[in-house]
Amino acid sequence: MDTDPDMLLHAASLRRRLLVWRGGAVAFFVLACIVAVLRAGGGGLVGHAPHLVHMKLEGIIPSDEHENVEALQKAADDASVRGLVLEVSSPGGAVTGGEVLHDAVAAFARRKPVVVSMGAVAASAGYMVSVPAARIFANRSTLTGSIGVILESPDVSGLLDRVGVHVDQLVSGPMKGQPSMVQPLSPEGREMLQGVIADLYGFFVNVVAQDRHMPVDRVKQLADGRPYTGQQAVALGLVDQIGSMADARKWLIGITHLPDDVQVSDIGPTATRINWRRWISGILSGVPGAEFLLKESTALDGAVAIWKL
């Protein structure tokens, strides 16, 4: 009995689809297992042997830093973790994000030693998260410091007037609409917002004074918003030593009395997550204007502690 060619083709098609579905299921299962292992181990397969952990803070610090905070808390609770190498390469960011990260690093440092290795920039909120460390290393060319807070709000009311657009703004009180993009900032609103900035600035100064063991008045002299090179920061007491990441790791190994070949495990979201922004940036690197759009797409709500070039 002859076999219908259409039936043979249909059967072959079904077999191919089945193989594709099986292959996809296997790949998904393997990927899920890898992610589970990485999340459980903080990014490395260290086990329970005494080891150090490494966290990298890179780019603008957002308001929400719960993943890094959770990773720090987990590492602090792990008896096999003996210390933290904190790599900071950030111009700063949201004041709230910097505060939360600072407190998490400080909580870790009260239990186990922390060393900071600064990259090209570790300024403003990037400096804030560094100061709880027992020792801060920076390169001579590192830009750090920039102790201060900034709040910006665009005012397009003049443009709206020129094009004949008027916006009615109803508020429950005179300070509720300050600042506004569609209304000029009133003198009372400016005074109110300046008070908010002054309070956040005082918090920043007190944090540095407490963690760096410096008088508040001395910190205020240095905290006019300017950045310092690593070499300048060492002379001013804002940084402890000129050195590389390798120098920072060597220092931490020495005070924890661990062997030179001790395992260092990455923790935090950068250890387990693809950097989609960097990946997309690489793809669009040849597109005119793409770099500007990517840079401008980073938005921060509220007051920020950030160094701007």
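Analyst: The loop between strand 6 (143-145) and helix 5 (157-162) holds Ser-146. In this predicted model, Ser-146 has a positive phi of about 50° and is not a glycine. Most residues other than glycine have a negative phi. Ser-146 counts as buried because its relative accessibility is 4%, below the 20% cut-off.

His-257 also has a positive phi, near 55°, and is likewise a residue other than glycine. His-257 sits in the loop between helix 9 (245-256) and strand 9 (264-266). With a relative accessible area of 71%, His-257 is exposed.

Turning to the core, the largest nonpolar core has 44 residues, and the members touching the most others are Leu-72, Leu-84, Leu-86, Phe-108 and Leu-238. Leaving aside residues up to four places away in sequence, Leu-84 touches a set that includes Val-53, Met-55, Leu-72, Phe-108, Leu-252 and Ile-267. There is also a second, separate core of 10 residues, with Leu-52, Ala-248, Ile-253 and Leu-258 among them.

As for the helices, the axes of helix 2 (residues 66-77) and helix 3 (residues 95-109) come within 9 Å and cross at roughly 5°. Helix 2 is therefore roughly parallel to helix 3. From helix 2, Asn-68, Val-69, Leu-72, Ala-75 and Ala-76 meet Val-100, Leu-101, Ala-104, Val-105 and Phe-108 of helix 3. This contact of helix 2 with helix 3 comprises nine nonpolar residues, one polar residue and no charged residues.

Methods
Residues are numbered from 1 along each chain as its sequence is written. This is a predicted model: local features need pLDDT of at least 70, side-chain atom pairs count only at pLDDT 80 or more; totals for chains, interfaces and linings use all residues. Side-chain values use heavy atoms; hydrogens and water are left out. A nonpolar core is a set of buried Ala, Val, Leu, Ile, Met, Phe, Trp, Tyr and Cys residues joined through side-chain atoms within 4.5 Å. Buried means under 20% relative accessible area, exposed over 50%, partly exposed in between (1.4 Å probe, protein chains only). Contact means heavy atoms within 4.5 Å. Axes are lines fitted to C-alpha atoms, for helices over the stretch in contact, and angles run from 0 to 180 degrees between N-to-C directions. Helices (H or I, at least four residues) and strands (E, at least two) are DSSP runs, numbered from the N terminus. Angles under 35 degrees count as roughly parallel, over 145 as roughly antiparallel, 65 to 115 as roughly perpendicular and the rest as oblique. Ala, Val, Leu, Ile, Met, Phe, Trp, Tyr, Cys and Pro count as nonpolar, Asp, Glu, Lys and Arg as charged, and the others, Gly among them, as polar.
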